[in-house]
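Dear colleague,

I am passing the structure on to you below, and after it I describe what was found there.

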Amino acid sequence: MRLHGRGPQGSGEHPVKRRTLFLIAGSGLLTKGLRAAPQLSEEPADVVVVGTGAAGLSAALAAVDGGARRVVLLEKAPMAGGHTIISSGSVAAEKTPEGIAGLTNEIIENGEGRADPVLARTLAEGSWAARERLTALGIDWITTPFRAVGSPSARSWNSGSPQSGYDYVQVMMAALRKTSASVRFLSRAEGLLLSEKGKSVEGIYVRTRSGDSILIRARAIVLATGGFTASGTLLKRFAPQLPPDLETTASAGGELLDGATGDGILMAEKAGAKLVDMDALQMLPLAGGRLLDYVGGEVWVNDRGRRFVSEGAGFREIERAIAKQPSKSMWVISDARSPKGATLGLKLMDGTVREAGTLEEAAHGMRVSYSALQETIERYNRSVRKHWDDDFGIPMRGLPVETPPFFYGREHFALHYSCGGIAITPRAEVLRPDGSVIRGLYAAGEATGGVHGAARVGGCGLTDAFVFGDIAGREAARFA
Ligand SMILES: Cc1cc2nc3c(=O)[nH]c(=O)nc-3n(C[C@H](O)[C@H](O)[C@H](O)COP(=O)(O)OP(=O)(O)OC[C@H]3O[C@@H](n4cnc5c(N)ncnc54)[C@H](O)[C@@H]3O)c2cc1C
């Protein structure tokens, strides 16, 4: 089941109390309340956070920590986690001034000049504190950083388990349960209530689990609703060049629950927010033959059994290289030695990945020339041993692929990440096109744009959500 709901475009279905003048930003309806309408049930809050991914959970914890007494966390799905819970869990984090500067520069370069340098630096500067907050909640990080796929350097960490994203959600939810914050599942935010003239937010309309609409009057609201890779409507509007039936990495085959329908982006837009980089959608080969989220354990070859792109290239370079292949796909080969992600069992079960006792058997299964494949793998292994990639003339680290059984599977693009979204300040305040802020409205995580520009560095999606979620929660508490 996909959660492709109607989103917050709304319908003017929220009745408005008599004699009030409010802008209902979910519906775009400016109503001078002269018509009779049933009373809408209301409740007060200091801070409402929408979404229980890395950004929303970070924001809720920070809001409580920042002194907000009545914090409400809304989640439209029946469970917490969004894309965060299914993510591989690579978190880019740097501590030293050199590391922070290096990460900032990589984000800016990778974003092809479109990232906001101040936001990029904010991410890098906040990355280590984000890691430490998770440590305090119980995450036991691996001891050496690794090079996440789509990242130029080894700056990423995870909890050492193949389900690191699950671990982060788990510890943050456990911490939140110990606070007075109210966490509500099956509660969909549907629209923002703005003040007269629309200068600040005053509340949020919510469809509760019982199907009723309520209005939570809040002093500050954090939109942490994730991206829009699962919204056919938004993809058609902002990236009409993409095929309509494109799979997403969050929901391969379109069968899983995916709440990334851009709800917060639409609510903010209707409230007058600026949207940035909405065309910057990231494609990734992930839902097929790939089993690892780090560089240095698998070999990518084309239908001729030859490498055609470095496995450590940036997401955009990988995308372009695969697009040039006649089949628009590639084969991925790994062996028994490399630690695998959580998907191995499932992929073996449904045939996405196959096991072969020898390289010859793998070549046969892939229908590529065995001699070409053997030559490619031998050259790859030689490159690994001398730390220099002879195919692409660049430094290289990793494990040789030589220990049976081998694993192989075909891999193709799937839509992975939306780089664009709501424009924010470094304090996570939501910006209007004229550069002013909508008072009391904050946004964080994949719902926002400008942090990464045209493309995102591997490991920086989660860091973005942890860092800006925390900033948004703290700022919202201060404002409230
Ligand atoms: C398969 C996969 C692997 C990934 N691996 C990595 C990785 O290793 N490293 C990395 O940096 N990034 C990775 N990413 C990207 C990263 O996971 C996301 O960018 C990040 O988790 C986004 O966090 P978020 O809190 O902004 O949004 P999400 O985690 O998506 O959470 C948003 C939440 O908001 C809820 N919501 C939406 N609309 C409403 C509404 N109207 N009312 C109430 N609730 C609502 C959603 O249901 C969802 O639970 C991966 C993504 C995928 C799909």
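F466, with a relative accessible area of 2%, is buried (buried means under 20% relative accessible area, exposed over 50% and partly exposed in between, with a 1.4 Å probe and protein chains only). Please bear in mind that this is a predicted model, in which local features need pLDDT of at least 70 and side-chain atom pairs count only at pLDDT 80 or more, while totals for chains, interfaces and linings use all residues. Residues are numbered from 1 along each chain as its sequence is written, and side-chain values use heavy atoms, with hydrogens and water left out.

Y168 is also buried, at a relative accessible area of 0%. Y168 and F466 form an edge-to-face aromatic pair, 5.7 Å centre to centre with 80° between the planes (rings of Phe, Tyr and Trp, the last by its six-membered ring, pair if their centres lie within 6.5 Å; planes under 30 degrees apart count as stacked, over 60 as edge-to-face and the rest as tilted). Because Y168 lies in helix α5 and F466 in helix α12 (residues 460-479), the pair ties together parts that are 298 residues apart in sequence (helices, H or I of at least four residues, and strands, E of at least two, are DSSP runs numbered from the N terminus). Ring pairs link W141, Y168 and F466 into a cluster.

Turning to strand β14 (residues 329-334), 6 of its 6 residues are buried. β14 pairs with strand β18 (residues 406-418) in the antiparallel sense over 6 bridges (two strands pair if DSSP finds at least two bridges between them), and in β18 the bridge partner of S329 is H412.

Best regards
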